[in-house]
Amino acid sequence: MADITVYTKNNCVQCKMTKKFLTSMNIDFKEINIDEHPELIAQLKAEGHRQTPVVKISGFDSFSGFRPDTLKKVVAAKAAA
């Protein structure tokens, strides 16, 4: 499976939904909380992200928000590979 990093923040419902979705699909991911690492906020904004979660998956474009449609496509693509 692809390397997945999920940038989250405290009290973020979409972040919780994304993590729950990935966990339910038995997909390993690395979580980085930007409330604990505020130095990353400028980098994410420079990449065009304006909300959390920001999901970065090796081999795919990064995206913001809870996007189960996109996550399912990634899972399917990786399973077919």
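Here is a short tour of this predicted model, stop by stop.

Local features need pLDDT of at least 70 and side-chain atom pairs count only at pLDDT 80 or more, while totals for chains, interfaces and linings use all residues. Numbering starts from 1 along each chain as its sequence is written, and side-chain values use heavy atoms, leaving out hydrogens and water.

Select β1 (4-8) and β2 (30-33); strands are DSSP runs of E, at least two residues, and helices are runs of H or I, at least four, numbered from the N terminus. The two strands pair in parallel over four bridges (pairing takes at least two DSSP bridges). Find Thr-8, whose bridge partner in β2 is Asn-33.

**Stop two: the core**

Now pick Val-6: beyond neighbours within four places in sequence, its contacts (heavy atoms within 4.5 Å) include Leu-22, Phe-29 and Val-55. Val-6 belongs to the largest nonpolar core, 11 residues, among them Ile-4, Phe-21 and Ile-57. Such a core is a set of buried Ala, Val, Leu, Ile, Met, Phe, Trp, Tyr and Cys joined through side-chain atoms within 4.5 Å.

**Stop three: Ser-64**

Jump to β4 (63-64), where Ser-64 sits. Is Ser-64 buried or exposed? Ser-64 counts as buried because its relative accessibility is 18% (buried is under 20%, exposed over 50%, partly exposed in between, 1.4 Å probe, protein chains only). Show its side chain with that of His-49: a 2.8 Å polar contact joins them.

Note on methods:
A polar contact is a pair of N or O atoms within 3.5 Å; within protein, one must be able to donate a hydrogen and the other to accept it, and residues adjacent in sequence count only if both atoms are side-chain atoms.
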